[in-house]
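Dear colleague,

I am handing over the structure below, and after it you will find what came out of going through its contacts. Please read the notes alongside the model.

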Amino acid sequence: MRTFAICGLLLSPLSAHSPPLLSRGECFLPCAPTVRDLNHTLSPSLSPQKEVLASWYGRPFHGHRTASGVAFSRFALTCAHPSLPFGTLITLRNPSNRREIVVKVTDRGPFFPGRELDLSEMAAFKLGIIRSGVAPLLMEIKRNAPTAD
């Protein structure tokens, strides 16, 4: 059966004549972690949980090139970190509402004292920090980026 994914929903057609069913799945946007990244190949945590102050960025930067060279998508689950290698997967948890997501490092930043992460707009939305703009999150590195040998 063929499936298609759009922004966090997996579309699975029942038959050629019926509309697709919506179910939880992955987001095939540029730079977004895939289901394989999240469910099958994650190693145990590489770091203990650490509390970080995170902010988010979106619309004005949508489509612009990131420091890693890929186009920024405000709809992808990505983030900017000052020093982690591009492609690193990070689990983020909002302790105030217990929401948790996995994001991929694709950019450098934030460039504001005291903040350690800049999230894409979709990542901020899923964690529930759009209104506040800045929030403390628990960060755990799940998988470092592959290195070029």
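Arginine 74 is buried, at 14% relative accessible area, where buried means under 20%, exposed over 50% and partly exposed in between, with a 1.4 Å probe and protein chains only. Please keep in mind that this is a predicted model, in which local features need pLDDT of at least 70 and side-chain atom pairs count only at pLDDT 80 or more, while totals for chains, interfaces and linings use all residues. Residues are numbered from 1 along each chain as its sequence is written, and side-chain values use heavy atoms, with hydrogens and water left out.

The side chain of arginine 74 meets that of glutamate 121 in a salt bridge, at 2.8 Å from N to O; the term stands for a side-chain nitrogen of Lys or Arg within 4 Å of a carboxyl oxygen of Asp or Glu. This pair links distant parts of the chain, since arginine 74 sits in the loop between β4 and β5 (78–80) and glutamate 121 in helix α2 (residues 121–127), 47 residues apart. Helices (H or I, at least four residues) and strands (E, at least two) are DSSP runs numbered from the N terminus.

By the same rule the count comes to two salt bridges, and glutamate 116 forms one with lysine 50, their closest N and O atoms being 3.0 Å apart. Glutamate 116 lies in the loop between β7 (100–107) and β8 (117–120) and lysine 50 in strand β4 (residues 50–57), so the pair ties together parts that are 66 residues apart in sequence. Glutamate 116 is partly exposed at 24% relative accessibility, and lysine 50 is partly exposed at 39%.

Lysine 50 also has methionine 139 in β9 as its bridge partner, and β4 and β9 pair in the antiparallel sense over six bridges, pairing being called when DSSP finds at least two bridges between two strands. β6 and β9 likewise pair in the antiparallel sense, over five bridges, and leucine 92 stands opposite methionine 139. Seven of the ten residues of β9 are buried.

With best regards
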